[in-house]
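Try each task yourself before reading its solution.

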Amino acid sequence: IFLSIDVPWPSCAVVTTDTLTAYAAIFNVGLRTRRVQFALEATLSFLSKRKFNLRVSCFSTESVFAKRISQLRMFCSSAAFHMRGYSDFHRDCCFGSEWVILASKMRSTAQNKSESIHEMIELHRNYIYKAAGRMLSCCGSISIKIAFERMMAVIHDIRNCLDSQLRRNNTLENILLDHEVWKHLEMLMAQYDDCVNSLKAIKNGNTIPASEDEGVVARFLDSIL
């Protein structure tokens, strides 16, 4: 999705076509993250809204169901933690020191307000380019990019799997007790764990790639892990 805005005069003197491209990149990343969070919220909501009054014994199907729904809930909670961390990283990229400087100089009452439109243009361009650069630099390493994007894809895959089964009028009990369905869900959760472990290995192995903004990739890994 590409975000495009018809900026009226005189704002278009500052919010130019090139800076709108950076805004679109930030919007695109934020939208993808919010969609993943929505998938997790919807899955957790479904798993939590019902009361499962099960008489569990070690020889019953209820015991198997209880263990599987617990495993799925733990996965969703863990993934939600990772995605909240990335949202915090996203917010920090957008509202760092450059934003504070830009916002202070935009106030009409500010003592240090911009002396000219050219200064304002450069301040704004510096802000939005740095924000977009920091956000996108977390994918500067192919291994980090592949792992993180696969994590987001797995969350969608699990949600889609449950949705497709529920549309067939299956109950949650029948879905999670179905051997083939659960095998598929277990495979997806294992893939997610592999991605998390690969990011931890990068973080702990001091193999974080260099970045124009020193430490940004390290902050990205610290946020989501």
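**Exercise 1.** Find what share of the chain's 225 residues is buried, and describe the secondary structure of the chain.

*Solution.* This is a predicted model. Taking residues under 20% relative accessible area as buried, we get 41% of the 225 residues. Next, the secondary structure: the chain has 8 helices and 0 strands, so the pattern along the sequence reads α-α-α-α-α-α-α-α. Finally, look at the contacts with a separation of 6 or more: 74% of them join residues 24 or more positions apart.

**Exercise 2.** Work out how helices α3 and α4 are oriented towards each other, and which residues make their contact.

*Solution.* Start with the geometry. Two packed helices are described by the angle between their axes and the distance between the axes. For α3 (residues 97-106) and α4 (residues 117-137), the angle is about 155 degrees and the axes lie 9 Å apart. Angles over 145 degrees count as roughly antiparallel, and therefore α3 and α4 are roughly antiparallel to each other. Their crossing is left-handed.

Now the contact itself. From α3 come Glu98, Trp99, Ile101, Leu102, Lys105 and Met106; α4 brings Glu119, Met120, Leu123, His124, Asn126, Tyr127, Lys130 and Arg134. Sorted by class, the contact has 7 nonpolar, 2 polar and 5 charged residues.

**Exercise 3.** Which residues of helix α8 (residues 216-224) are buried, and where do they sit around the axis?

*Solution.* The buried residues are Val216, Val217, Phe220, Leu221 and Ile224. Their arc around the axis is only 140 degrees, which puts them on the same side of α8. As a reminder, an α-helix has 3.6 residues a turn, so residues three or four places apart point the same way.

Terms used: Residues are numbered from 1 along each chain as its sequence is written. This is a predicted model: local features need pLDDT of at least 70, side-chain atom pairs count only at pLDDT 80 or more; totals for chains, interfaces and linings use all residues. Side-chain values use heavy atoms; hydrogens and water are left out. Axes are lines fitted to C-alpha atoms, for helices over the stretch in contact, and angles run from 0 to 180 degrees between N-to-C directions. Helices (H or I, at least four residues) and strands (E, at least two) are DSSP runs, numbered from the N terminus. Angles under 35 degrees count as roughly parallel, over 145 as roughly antiparallel, 65 to 115 as roughly perpendicular and the rest as oblique. A crossing is left-handed if the near helix is turned anticlockwise from the far one by less than a right angle, and right-handed if clockwise. Contact means heavy atoms within 4.5 Å. Ala, Val, Leu, Ile, Met, Phe, Trp, Tyr, Cys and Pro count as nonpolar, Asp, Glu, Lys and Arg as charged, and the others, Gly among them, as polar. Buried means under 20% relative accessible area, exposed over 50%, partly exposed in between (1.4 Å probe, protein chains only). The arc is that of the directions from the helix axis to the C-beta atoms.
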